[in-house]
Amino acid sequence: RSPWRARAIAKPYAPRLIAIIVAAAMFMGSLDQTVIATALPQMARSFHRPPVDLSLAMTIYILVMAAFLPVSTWVADRLGARKVFAGAIVGFAAASALCGFSHTLPEFIGARILQALAATLMTPVGNLVLLRSTAKKDLVTAIAISTTPGLVAPVIGPAIGGFIVTFVDWPWIFYLNIPIAIVGVALALRYIPNLKGEAPRPFDWRGFALTGAALGTFIYGLDRISAQGVDWRWPAALIVAGLGLGLLAIRHSRRARHPLLSLEPLKIATFRTSALTGGMLVRIPFRALGFILPLLFQVTLGMSAFQSGLLILGYNGGDLLLKSIANQTLRRTGFRRALAVTAVLTALATAAWTSFEPGTPFWVIFAVLAVSGMARSVLMTAIVSMTFADVPHEELGGATVLSNVLNQTTGAVAIGLGAMILNLSSAARGAAGHVGLGDCRVALAIMALIGLSSVPSFLRLRHDAGAEVSGHRAAAGRAAGERLAVTEAEVEAET
């Protein structure tokens with residue numbers, strides 16, 4: 001027997017080990033997206049192009065991922081999750097090497113497209129394996145482990161990128177993925193189960209074309225509408241076209257027998273709240289702040305890049321600090337109360353940032369950001385954990401793809417909205433393109449209101465929503481008692 005054949009893992013350790021393997025792959029992808037920003041000026045000099053031209057290298061990555069995400073589950077069901085996951089890691093590492101070998105901007109753009117294609121399979125399939133291999137009672141712990149790289153990478157990414165660019169050379173940013181990929185492939189081939197769909201569906205070519213065109217057109221229009229020196233009319237036309245194509249894609253998904261992007265999970269209250277309604281309203285500020293905060297600290301408060309990095313470290317550090325106790329918090333409070341309370345706290349913390357000014361002591365800003373990160377920790381862990389709490393096993397594939405597509409779209413909307421608010425605010429005071437402290441305060445206040453608007457959606461959840469995942473026994477017990485009382489009343493009436 002092959003020594004690399006997937007082994008049966010001792011039951012108590014299986015979810016955590018699979019979560020760690022998936023986390024390693026996600027760390028590689030997240031790190032790559034954060035370190036590239038530090039290297040853009042040096043890469044532009046190497047390619048003999050202005051730095052602004054390299055923004056396409058970041059935009060194209062999001063476009064390709066958004067367009068091809070719906071394919072990931074279909075491929076995994078056909079070929080097996082282990083093969084696809086390991087192959088995606090190899091492909092990501094190979095594309096990273098091609099990025100490092102690039103001598104011109106077109107070569108680099110092509111390598112980034114290949115990277116995005118590999119990442120499109122790597123992240124959703126890894127999540128799918130984790131969901132299908134983990135009991136619901138262990139899901140919060142497993143997801144907390146797998147999502148940690150998304151918090152760590154933005155903290156250490158700029159520092160690693162700056163060190164490599166300063167003391168070595170920018171291609172080594174991409175070569176760094178190769179040893180991580182070697183370890184990840186070895187562990188994936190040994191421990192990841194090769195899960196397949198019981199009855200693989202035919203490929204939905206029409207749905208793929210409509211969904212990809214809708215997402216690509218919409219996201220590119222959002223990216224361009226906030227750009228300086230661009231006539232707003234053609235990006236607006238792209239956004240309208242993207243929305244129109246999106247309506248056609250939704251209509252097709254509802255009518256097709258085997259849609260590539262199934263909308264069935266949206267009928268589940270916990271999934272709909274986490275992925276679309278309240279969850280989207282929470283994620284917009286979360287994603288937009290990654291764009292707004294560096295401008296607030298460096299451009300308007302006059303801090304150095306190092307000081308700004310320390311503040312971001314405090315923000316994400318507060319998140320990481322409470323990540324280990326998020327499970328206990330959810331068990332004591334349940335999803336409904338945890339989401340509503342932490343959404344309010346996170347919105348209030350974001351609004352408090354509008355009081356920052358050049359004279360505010362550094363330690364005060366650091367402390368406020370750390371507390372904000374703590375509130376965000378429980379909020380984001382609860383949202384991610386509740387997303388699949390009530391999704392039936394046979395619908396996990398479609399729910400995973402739909403959740404990832406909505407996340408990518410939300411990220412694009414958040415960054416575009418943040419840039420638009422800053423541009424409109426600066427233009428209103430006659431300083432278009434020059435972001436000031438007042439503009440950042442307006443953006444922060446609007447983001448706080450958007451986050452606060454998610455609370456009614458969370459309060460509409462049942463008390464026992466996702467209780468099997470959160471382990472909130474009180475809610476589950478009340479719900480069981482209510483159901484028993486109803487059943488007894490029905491029996492008595494029938495008798």
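Predicted model: local features only at pLDDT ≥ 70, side-chain atom pairs only at ≥ 80, totals over all residues.
I take contact to mean heavy atoms within 4.5 Å. I number residues from 1 along each chain as its sequence is written, and side-chain values use heavy atoms, with hydrogens and water left out.

**Entry: F291**

I looked up F291 and found it in helix α12; helices are DSSP runs of H or I with at least four residues, strands are E runs of at least two, and both are numbered from the N terminus. Leaving aside neighbours within four places in sequence, I list G418, A419 and L422 as the contacts of F291. F291 and A419 are 128 residues apart in sequence, yet their C-alpha atoms are 8.0 Å apart. Is F291 buried or partly exposed? With a relative accessible area of 32%, F291 is partly exposed, since buried means under 20%, exposed over 50% and partly exposed in between (1.4 Å probe, protein chains only).

**Entry: whole chain**

I count 20 helices and zero strands in the protein. Of its 495 residues, 50% are buried. Among contacts between residues at least 6 apart in sequence, 83% join residues at least 24 apart.

**Entry: α12 and α17**

I then took helix α12 (residues 278-300) with helix α17 (residues 437-452): their axes come within 10 Å and cross at roughly 165°. Axes are lines fitted to C-alpha atoms, for helices over the stretch in contact, and angles run from 0 to 180 degrees between N-to-C directions. The angle makes α12 roughly antiparallel to α17, as angles over 145 degrees count as roughly antiparallel, under 35 as roughly parallel, 65 to 115 as roughly perpendicular and the rest as oblique. On the α12 side I note L281, I284, P285, A288, L289, I292, L295, L296 and T300, and on the α17 side L437, C440, A443, L444, M447, I450 and G451. I sort this contact into 14 nonpolar, two polar and no charged residues; Ala, Val, Leu, Ile, Met, Phe, Trp, Tyr, Cys and Pro count as nonpolar, Asp, Glu, Lys and Arg as charged, and the others, Gly among them, as polar.

**Entry: α4 and α8**

Helix α4 (residues 81-101) and helix α8 (residues 177-191) have axes 9 Å apart and an angle of about 170°. That makes α4 roughly antiparallel to α8. I find R82, F85 and I89 among the α4 residues that meet α8, whose own residues include N177, I178 and A181.

**Entry: cores**

Which residues have the most contacts inside the largest nonpolar core? I find F85, I89, M122 and F271, in a core of 58 residues. A nonpolar core is a set of buried Ala, Val, Leu, Ile, Met, Phe, Trp, Tyr and Cys residues joined through side-chain atoms within 4.5 Å. Helix α5 (residues 105-133) gives the largest share of this core, nine residues. Not counting residues up to four places away in sequence, M122 touches A25, M28, G29, F85, A88, I89 and F92. Apart from that core lies another of 25 residues, including L301, W353, A443 and M447.

I place S253 in helix α10 (residues 233-255). S253 is buried, at a relative accessible area of 12%, and beyond four places in sequence S253 contacts P259, L261 and L263. R224 lies in helix α9 (residues 205-225) and is partly exposed at 22%. Between R224 and P235, 11 residues apart in sequence, I read a C-alpha to C-alpha distance of 5.8 Å.
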